[in-house]
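Subject: Structure handover, with notes on pockets, cores and backbone

Dear colleague,

I am passing on a structure for you to look through, and the notes below it set out what was found. Please read them with the structure open.

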Amino acid sequence: MLVRRFHERLDAARGAQIGESLAAFITPNHLWRGCHPFGELHGADALSSTFWEPLKSALTRLQRREDIFFAGRNQIDGFESVWVVSMGHLMGLFDQPWLGILPTGKMAFLRYCAFYRVDGDRITETAMHFDIPHLMTQAGQNPFPPQTAAHLVQPGPMTHDGLLYGPQPEAEGRRTLDAINAMISDLGQWKLGLPLEEELARSWHDDMIWWGPAGIGATYTIERYAKQHSGPFRAGFGQRSRTTHIARLAEGHYGGFFGWPNFTAIPTGGFMGLPGSDTPGQFRVIDIYRRAGDKLAENWVFIDLLHFWKMQGRDFLAEATGAADAY
């Protein structure tokens, strides 16, 4: 209930009330991890003045349209800490510039996913990803070359059961975490030696949906996922580190993880239609999954692509908006 009360108060807050609403629920030394250009912010004042106040001024009449909500104990620290996950869209009227992105005066949707660490009656850490290039594309300022998969405002689960406001059977959460861990074991190392589609079929339903970020896009079925993302991604990266996470948890048929970063990789073969390099780049990723049976059926993916490309020497946000000094 803590995070739901937090959302209710934060979503209703305006102006100075935003900082007050944050301070009522987060600790004074709260750590917030956000996508480029924000990075790490500490405490309510910095979070309010740097992120929430400018966003709410730009996207007026802001609504939270939540599609997935679940909680669980974190496998990474031996199931000691408790995390709550919220995913969906922040929707508003795009009436003022934000990060140099020009307003449209129309509805706009900012994809988001947040992981909250809860200790007692306070939130001590947050990892929040939001798909800024997706918003830029809605405003006619797409920063990236043409993507391999589809651009669209992404819906929630096909089963319409992602808001887990009540207790779930523990066994179902364990099955979901087992499915996620099996996928990580198979796909995180790229060393099984199987044809890609056969490898994917070990963890995924044939009619899987991969809801990827702007710049890559969304893709449907194992065959199209292999062709439109997984195959090109593997071909583009000759080297990658092992995967590490800060939190990984599941409840019911839903689960997910995040890292800071999840892994590093070198785009020796090029990525997203852009030339390769020998420079390592960090992948800060949030993944949310829906399990059906013993395999994964849907995956909502948030990748801080602006951060990755900034490490490669390309500031796509500044290039697309002329906003190098705006943040």
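The notes that follow cover the pockets, the nonpolar cores and some features of the backbone.

This is a predicted model, in which local features need pLDDT of at least 70 and side-chain atom pairs count only at pLDDT 80 or more, while totals for chains, interfaces and linings use all residues. Residues are numbered from 1 along each chain as its sequence is written, and side-chain values use heavy atoms, with hydrogens and water left out.

Pockets

A pocket here is an open set of points, on a 1 Å grid over the protein atoms alone, where a 1.4 Å probe fits and which has protein on both sides within 12 Å along at least five of seven lines; a lining residue has an atom within 4 Å of a point. Points are joined across faces, edges and corners, and the volume is the space filled by probe spheres set on them. Helices (H or I, at least four residues) and strands (E, at least two) are DSSP runs numbered from the N terminus.

The largest pocket has a volume of about 320 Å³, and of the 16 residues that line it, Ala71, Gly72, Arg73, Glu170 and Ala250 are the closest to its centre. Strand E3 (59–73), helix H5 (170–187) and strand E10 (247–251) each give two or more residues to this lining, with the largest share, four residues, coming from H5. By class the lining of the largest pocket has eight nonpolar, four polar and four charged residues, where Ala, Val, Leu, Ile, Met, Phe, Trp, Tyr, Cys and Pro count as nonpolar, Asp, Glu, Lys and Arg as charged, and the others, Gly among them, as polar.

The second largest pocket holds about 260 Å³ of space, and among its 13 lining residues Met1, Phe69, Ala71, Val84 and Leu164 are the closest to the centre. Helix H1 (2–12) gives the most to this lining, with three residues, and the lining divides into 10 nonpolar, one polar and two charged residues.

Cores

A nonpolar core is a set of buried Ala, Val, Leu, Ile, Met, Phe, Trp, Tyr and Cys residues joined through side-chain atoms within 4.5 Å, buried meaning under 20% relative accessible area, exposed over 50%, and partly exposed in between (1.4 Å probe, protein chains only). In the largest core, of 74 residues, Phe51, Trp52, Trp98, Ile132, Phe271 and Phe283 touch the most other members. Apart from it lies another core, of 20 residues, including Trp83, Val85, Cys113 and Ile286.

Backbone

Which peptide bonds might you wish to check for cis geometry? The bond from histidine 36 to proline 37 is cis, with omega near 15 degrees, and proline 37 is in the loop between strand E1 (26–34) and strand E2 (39–42). The bond joining tryptophan 260 and proline 261 is also cis, with omega about 0 degrees, and proline 261 is in the loop between strand E11 (254–258) and strand E12 (263–266).

Arginine 61, in strand E3, has a positive phi of about 55 degrees although it is not a glycine, and arginine 61 is exposed, with a relative accessible area of 67%. Histidine 160 likewise has a positive phi, near 55 degrees, and counts as exposed at 73% relative accessibility.

With kind regards
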